[in-house]
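Reader: Hi! I'm new to looking at protein structures. Could you walk me through this one?

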Amino acid sequence: LVFICLLGAAAVFYGTAWGPWTDDDSAEYIEAARNLAAGEGLVLIRASGRVSPLASRPPLYAIVLSLAPWLGIDILAFARWLDIGLYAGFLFLLGPVLYRMIGRPWPVLLLSLTTLFSPFMLKAFTSGLAEPLHFVLATASLLLLVAYLRSKRLKELILSAILAGLSTLARLSGLAVMGTGALLVLTLGGKRFRTRMARGLLYGLISSIVILPWIIDVMARGSTPGVYNFSLEDLWGHLAGVRVGFAALFWNYLPFSRLLPAPPYRVQLFVSLVVGATLLVLLGLAIRERIRRLGQDWHNSTPWHLVLAFGLYALLYVGVFLFSHLFMTISRALVIARHLTALELGIFVSGIMLVYVLLDHYKLTRASPWIALSLVLGLSLPMARSGFKLLSDLHAHGRGHTHKSWHQSEVIPYLRSLPQDVPLISNEIEAIIILTNRKAYRVPEIWDRTRLPTFERFGEDPNDPIQRIFRIKGVALILFD
């Protein structure tokens, strides 16, 4: 299990040869980190001089990245080594730590191997984004929650709540961790209702206090944590892409499904629903039998707590995702890997532990090695093929604003050599922020995809404020293909 942790660290090291891949979100994290290190605070400073708080993204990742300038380390190099350490720590939590909690090797080994080879996880942990930090904090919080449900020690509850708040301070999907903790403590956190109520409220209070300073700071600056548009029109229609994406996701988690041609959406949905309903029926029958035999202590075992904690986390994350998809004004793709990685964490842990507890309950432990082998052959190895391809592509070319074409660009060194008082206008202001630590005005027609009725030379429109700046100040117009 420790070797798997080291293998994960080596995989991230290999996949970040050009640096952690970045996108437009990364630019905000990196800029806010640099501004914080320079004493400006957790803010974004535009080329116009306008200052705005880091409102649309929780700040913990930017706070961690701000250590790099203080230490005299390149911020992308710091982010790379942070990813390497976080992936090793993540696999350590799902490997040696989990093995110590349940004492059974095959489910832990299967979970570690599946996580190690997952292309979703590898993509997340090779990025210059907040996901790696969030997953480590969320996993540690949920494991401490499971430990509390077993021991009822207040120390484990407090630590779990603090980490749940920190996971939300890294990424808003941490709200699912906070909700999971509060709900499970309220329902399973003790035999007396008053004790459960008091400790559930304590969990929610502690985890909320962790994120309150950021919320208060953002609102004091006249912004809100995220931008929302609460419209209830045609919600089902807006979820069309989500339904297709989720059906494909659950289909791909069925053993051997990756070895088959992808069937139509309705087939994927039907098969996934049948398999899911079968597992839920078996789970319900097992719970009923345990309640009959054990009463209120039916759940009092670590594997059952893991199923409940990570399963509830997955369900609540779906709720958080659907809320953001429907009501946040940030434009979103249908369902992309970055949106699904948190769900995958819940599905992996709860799903594998569910198979384990059902085999144990129905006295099928002799079949465990064969079940584990079939899951390795049908799930882990097909995922490994996709994971290896991802790592190979990242190692050869990089991705996003750290793609090798950016490193080999002749324009970037020229930009670095320009005097700081020369204003810039560009169609790639995020790349300029990440790679040169310079600010640039955005070309609005390109960003908004505005189609002009007639050709106009840039700078000739007197009503365009950016073109006016270009014409009057004599700025450098930097356009990338």
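Reader: Among contacts between residues at least 6 apart in sequence, what percentage join residues at least 24 apart?
Author: Good place to start! This is a predicted model, and in its protein chain 71% of those contacts join residues at least 24 apart.

Reader: And how many helices and strands are there?
Author: The protein chain has 22 helices and 5 strands.

Reader: What share of the residues counts as buried?
Author: Of the 481 residues, 51% count as buried. As for the accessible surface, it comes to about 23000 Å², and carbon and sulfur atoms account for 65% of that.

Reader: Let's switch to helix packing. At what angle do helix 10 and helix 11 pack?
Author: Helix 10 (residues 174-188) packs against helix 11 (residues 193-220) at about 165°, and their axes are 7 Å apart. Angles over 145 degrees count as roughly antiparallel, so helix 10 is roughly antiparallel to helix 11.

Reader: Is that crossing left-handed or right-handed?
Author: Helix 10 and helix 11 cross in a right-handed way. Residues that meet there include M178 and V185 from helix 10, and Y203 and I211 from helix 11. By class, this contact has 9 nonpolar, 5 polar and 2 charged residues.

Conventions: Residues are numbered from 1 along each chain as its sequence is written. This is a predicted model: local features need pLDDT of at least 70, side-chain atom pairs count only at pLDDT 80 or more; totals for chains, interfaces and linings use all residues. Side-chain values use heavy atoms; hydrogens and water are left out. Helices (H or I, at least four residues) and strands (E, at least two) are DSSP runs, numbered from the N terminus. Buried means under 20% relative accessible area, exposed over 50%, partly exposed in between (1.4 Å probe, protein chains only). Contact means heavy atoms within 4.5 Å. Accessible areas come from the Shrake-Rupley method with a 1.4 Å probe; for residues, only the protein chains shown count as cover. Axes are lines fitted to C-alpha atoms, for helices over the stretch in contact, and angles run from 0 to 180 degrees between N-to-C directions. Angles under 35 degrees count as roughly parallel, over 145 as roughly antiparallel, 65 to 115 as roughly perpendicular and the rest as oblique. A crossing is left-handed if the near helix is turned anticlockwise from the far one by less than a right angle, and right-handed if clockwise. Ala, Val, Leu, Ile, Met, Phe, Trp, Tyr, Cys and Pro count as nonpolar, Asp, Glu, Lys and Arg as charged, and the others, Gly among them, as polar.
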